[in-house]
Amino acid sequence: MYYDPPYFLLVAGLLAGIVCGRAFEVTLRQAVKTWSQTRSTRILQQLQGFSLLIPFLGICGGICVFLASGLNIFGLPLQFSYIASVALTVLTGLLVWSQLRNLLLLLQQGGSRAIDLDALE
C-alpha cells in the first residue's frame with residue numbers, strides 16, 4: 001500500500017541508511033584494526049571488495065529513498081523525485097567511494113602517518 005505523502009518511505013529510507021552505515025563503520029573499523037596489527041596489503045585490497053561494497057550500496061539505497069520521499073513530501077512529482085534522487089545518490093556515492101579508495105591506497109603506501117589530519121594545521 002502506498003501512502004501519500006510517503007512518510008513511511010521517508011523513515012524507512014533513513015533507518016536503512018543508518019543501519020547500513022553502522023555496518024559499514026564496523027566493517028571498516030575492524031579491517032583497519034586488523035591491518036594495523038598485521039600490515040598486510042591483502043586486507044586493504046579486500047576492503048575494496050564486497051565486504052565493504054554491500055553496506056555502502058545499502059547506505060546509497062536508503063538515502064536515495066529518503067531523498068525521493070522528502071522531495072515528494074514537498075510536492076514534487078514522484079517520478080522527478082526519484083530521478084533527481086538517483087542522480088544525486090549515484091554522483092555522491094561515486095565520489096565518496098573514489099575518495100575512500102584513495103585514502104586506502106594512501107594508507108597502504110604510507111601507513112597511518114600518511115593520513116594524519118592533525119599534521120595539516
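Trainee: At what angle do the axes of helix α3 (residues 50-73) and helix α4 (residues 78-110) cross?

Mentor: The axes cross at roughly 150° and come within 8 Å. Axes here are lines fitted to C-alpha atoms, for helices over the stretch in contact, and angles run from 0 to 180 degrees between N-to-C directions. This is a predicted model, in which local features need pLDDT of at least 70 and side-chain atom pairs count only at pLDDT 80 or more, while totals for chains, interfaces and linings use all residues. Residues are numbered from 1 along each chain as its sequence is written, and side-chain values use heavy atoms, leaving out hydrogens and water.

Trainee: What makes α3 a helix, and how many residues does α3 have?

Mentor: A helix is a DSSP run of H or I with at least four residues, numbered from the N terminus.

Trainee: Which classes of residue make the contact of α3 with α4?

Mentor: Contact means heavy atoms within 4.5 Å. Among the residues that meet this are Phe56 and Cys60 of α3 and Trp97 and Leu100 of α4. By class, there are 17 nonpolar, 6 polar and no charged residues. Ala, Val, Leu, Ile, Met, Phe, Trp, Tyr, Cys and Pro count as nonpolar, Asp, Glu, Lys and Arg as charged, and the others, including Gly, as polar.

Trainee: Why is Leu9 called partly exposed?

Mentor: Its relative accessible area is 28%. Buried means under 20%, exposed over 50%, and partly exposed in between (1.4 Å probe, protein chains only), so at 28% Leu9 is partly exposed. Leu9 lies in helix α1, whose buried residues include Phe24 and Trp35.

Trainee: What makes a set of residues a nonpolar core, and how many residues has the largest one?

Mentor: The members must be buried Ala, Val, Leu, Ile, Met, Phe, Trp, Tyr or Cys, joined through side-chain atoms within 4.5 Å. The largest such core has 10 residues, among them Phe24, Phe56, Ile59 and Trp97. α1, α3 and α4 each give two or more residues to this core, with the largest share, 4 residues, from α3.
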